[in-house]
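Trainee: I'd like to take a close look at one part of this model rather than skim the whole thing. Could you walk me through it?

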Amino acid sequence: MKGRFDACASVADDAQLSRFVDAIAKDAGGVYEQLFVEDFREALAKRPTAAVRDLRRRCSADVEPLSIGARALMTTDLAAQSPYARWSRSVVYSTRSSEGDTTVTEPATAVQLPRHTKGKRPDFFDDPAIDQMMTFLLELTTEVGVLRDRLDTVERLLDQHGSVTRAAIESFQPSPQLEDERNAWRAAYLKRVLRMHTPD
Amino acid sequence: MVANPKDIPVPSIEELFQPTHDERARQNMVSMIRKHAIIDMRKAMKDDYDNRVEPKLEREGGKPEDWAAIEKSMEHEASYRFYSAMRYNAQEMCYLSVQPTVERALPQMIDLARDLAHRRPVGGSLRLNPELRLPKYITSLDVHLAPGWVHAEHTTDDVAQGAVVSFGGKVFTGQHPYRKKPGAVGESISYWLRRKFPDLKPRRILDLGTTAGKNLFPYCDAYPQAEAYGIDVGAPVLRYGYAVAQHEGYPVHFSQQDAENTDFPDGHFDLIVSSFFFHEVSLKATRKILRECKRLLAPGGVMVHMELPDETSVSAYENFFWNWDTLNNNEPWYTSYRAQDPLNLCVEAGFEREASFKLLVPDILTFGAEKHEKFMRGEIASPAHGSGGWFVFGARKPL
């Protein structure tokens, strides 16, 4: 949470916030709750004075609406004041825009991991098309296994509850015994599908 | 105020990996395809060689004498081709099957890893070196067909490759009869080590090419008084490993370093270990790293490395089987590494031949304590490497 709300304007005064933190500290049982309380107290201690806050509020009202760049600059500037700036729960990306280098602070967006391997791919067959076909075949074999698991989950949910929802399928947790059963099915299934010809 | 940090349960970065129903089904299916390739198809190929290919060549007066001749005799046989195609595809699919789950969990994983590296709830440290020049043998191809291997960074403070390699590894070994648990190697070797060198009381332990530290943690259990250090060239695996170690309660010191040339002082360690490491670095690097081990070990210190059995330790057929990975699993140093006698490598690095060793150590999880005692007394042998045993080599520095 650190840094996330640094740029937010707060209408509560210091005494109100202080009472609020004392109240949540009483109920904070878990690790993260306790850490949160600590962070909150720290942030409160470092809070700019009411006069500075008021000045900032009036300044920001004048430049409404903020451009993305200005908002980013403001966020990074304020976040940098936090001793935990490096660990703030947002990821800083360096991007190159038409105006040159700008640093934009934004929530971590999806990273697409590379799906291709660096290095020469060997051919095991005289015709590389067969190597490609083997990839198709094994991927398809896998997908049939996935469908079979899903069907098995649906059947079990119907047995238990008489109805099924997508959410119930998603949250279905197979027991270790069921996982053993499924593995036995998978092994037998592969033995059938990947049956080798007897060599001459 | 938070109470004693030791009492705080540290969140698990591994628990952030939450596959959907179908992703989990896919990962489990891939584990079984991998098992089918490495166990069933491997046996089918061996049977085909023993029962058909070799007798035929023998009748024709040309029985293959070494692994290269066996490879030549097999490469056009259907058993070899389909075994190879299944192994290659299964290997790729191990990593492909976990990538979507990792992508989804990544922002949270990065958050938690940063947080733990900052707070260090159970101690230890994470020291990264953005200036480190990655060795060419790391950057020029993706070892083990894992896109990005241990080193690629896709965003700031990235841990993705740590998660991909770690969870891809779990899919890889998911149905393997002798690799049911991550860290099985470290557990087996530390178990043996305590019995082999009962006087060894390491103050500091170093794990080379530690990845996310899974095979280092069992040494922390075996020698709880020792400080544990893990080095790797890949930053994402170290960030990830540090978070895992914090959750599991191991105050490991991870640092991003090239094992050829570390910044530790002379004689800093009493125990240096590695698992599945040397065959993945160049032969030149292997020699330099072993010399570095000599420098880093204190008098009386021991190094023990789990590695592939060398060529002279197994049959011609097994050499053919093991060397497959050289070109087909992006491990170009595999064959040339295995062609060296590890005892000679130790001697070249400055260790005494009499104080050097190579042997098979039983996998303790499948072998059991009772049989292990008999093994230590020399009454029974260890199973073969990868089939219930682990090949190790190493040396002890004189006092």
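This is a predicted model: local features need pLDDT of at least 70, side-chain atom pairs count only at pLDDT 80 or more; totals for chains, interfaces and linings use all residues.

Mentor: Now for the helix itself. Ten of the 13 residues of helix 6 of chain B are buried, so the rest of the structure largely encloses it. If you want to click through them, the buried ones are Ala184(B), Val185(B), Gly186(B), Glu187(B), Ser188(B), Ile189(B), Ser190(B), Tyr191(B), Trp192(B) and Leu193(B).

But helix 1 of chain A is hardly covered, with a buried count of zero.

Chain B has an open sheet of eight strands with mixed pairing, in the order 1-4-3-2-5-6-8-7. Strand 1 (125-127) and strand 7 of chain B are the edges, each pairing on one side only. From one strand to the next, the twist averages 20°. Strand 7 of chain B runs antiparallel to strand 8 of chain B, and the two pair over seven bridges. One spot to look at is Leu360(B), whose bridge partner in strand 8 of chain B is Phe391(B).

Now zoom out to the chain around that helix. Chain B holds 15 helices and eight strands, and 52% of its 399 residues count as buried. A compact globule with 399 residues would have a radius of gyration near 21 Å, and chain B agrees at 21 Å. Of the contacts in chain B with a separation of 6 or more, 80% are between residues 24 or more positions apart.

Last stop is the interface, where 51 residues of chain B are in contact with 43 residues of chain A. On the chain B side, helix 1 (21-59), helix 3 (78-119), helix 5 (160-173) and helix 11 (325-328) are the elements that give two or more residues. Helix 3 of chain B brings the largest share, 21 residues. By class, that side of chain B has 25 nonpolar, 15 polar and eleven charged residues.

Key
Residues are numbered from 1 along each chain as its sequence is written. Chains are lettered from A and ligands numbered from 1 in the order in which they are written. A residue is buried if 20 or more other C-beta atoms lie within 10 Å of its own, exposed if 12 or fewer, and partly exposed in between; C-beta atoms are placed from the backbone. Helices (H or I, at least four residues) and strands (E, at least two) are DSSP runs, numbered from the N terminus. Two strands pair if DSSP finds at least two bridges between them. Axes are lines fitted to C-alpha atoms, for helices over the stretch in contact, and angles run from 0 to 180 degrees between N-to-C directions. Two residues are in contact if their C-beta atoms, placed from the backbone, lie within 7 Å. Ala, Val, Leu, Ile, Met, Phe, Trp, Tyr, Cys and Pro count as nonpolar, Asp, Glu, Lys and Arg as charged, and the others, Gly among them, as polar. The radius of gyration is taken over C-alpha atoms; the globule rule is 2.2 Å times the number of residues to the power 0.38.
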